[in-house]
Amino acid sequence: MPDILDPAQMGDDELNRRFSGLERYVARARGDSSPNFDAEVDLCYLYRELEMRNVRRERHVVYLANHARDES
């Protein structure tokens, strides 16, 4: 199972790479008889970090649009 570090400390590219790699790992391992609970938990943490970053990015765009309008 791939080792993950603190997702909050990863750059966007590394986070996306690790998420994709772990997602493939979990998908392949689902056919095995061994439990993959830890890998699935790590996948959830990475997904949540990606989700939070996307929401933050979207809200920042809205903020900038509103701020630019207020300055005009």
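This section describes an aromatic pair and a nonpolar core in a predicted model.

A search of the whole structure found one aromatic pair. A pair of aromatic rings is described by the distance of the centres and the angle of the planes. The ring centres of F19 and Y47 lie 6.1 Å apart, and the ring planes meet at 40°. The pair is therefore tilted, since stacked requires planes under 30 degrees apart and edge-to-face requires over 60. Distant parts of the chain are linked by this pair. F19 sits in helix 1 (residues 12-29), whereas Y47 belongs to helix 2 (residues 37-71). The two are 28 residues apart. Their accessibility was also computed. F19 has 15% relative accessibility and counts as buried. Y47, with a relative accessible area of 47%, is partly exposed.

F19 is also part of the largest nonpolar core. This core has nine residues: M10, L15, F19, L22, V26, A39, L43, L46 and L50. Helix 1 and helix 2 are the elements that give two or more residues to the core. In soluble globular proteins, nonpolar side chains tend to be buried together.

L22 is found in helix 1. At 1% relative accessibility, L22 counts as buried, the cut-off being under 20%. L50 is in contact with L15, N16 and F19, leaving aside neighbours within four places in sequence. L15 and F19 are, like L50, members of the core.

Key: Residues numbered from 1 in each chain as written. Predicted model: local features only at pLDDT ≥ 70, side-chain atom pairs only at ≥ 80, totals over all residues. Heavy atoms only, no water. Phe/Tyr/Trp six-rings, centres within 6.5 Å; stacked < 30°, edge-to-face > 60°. Helix = DSSP H or I, 4+ residues; strand = E, 2+ residues; numbered from the N terminus. Buried < 20%, exposed > 50% of the residue type's maximum accessible area, 1.4 Å probe, protein only. Core = buried A, V, L, I, M, F, W, Y, C linked by side-chain atoms within 4.5 Å. Contact = heavy atoms within 4.5 Å.
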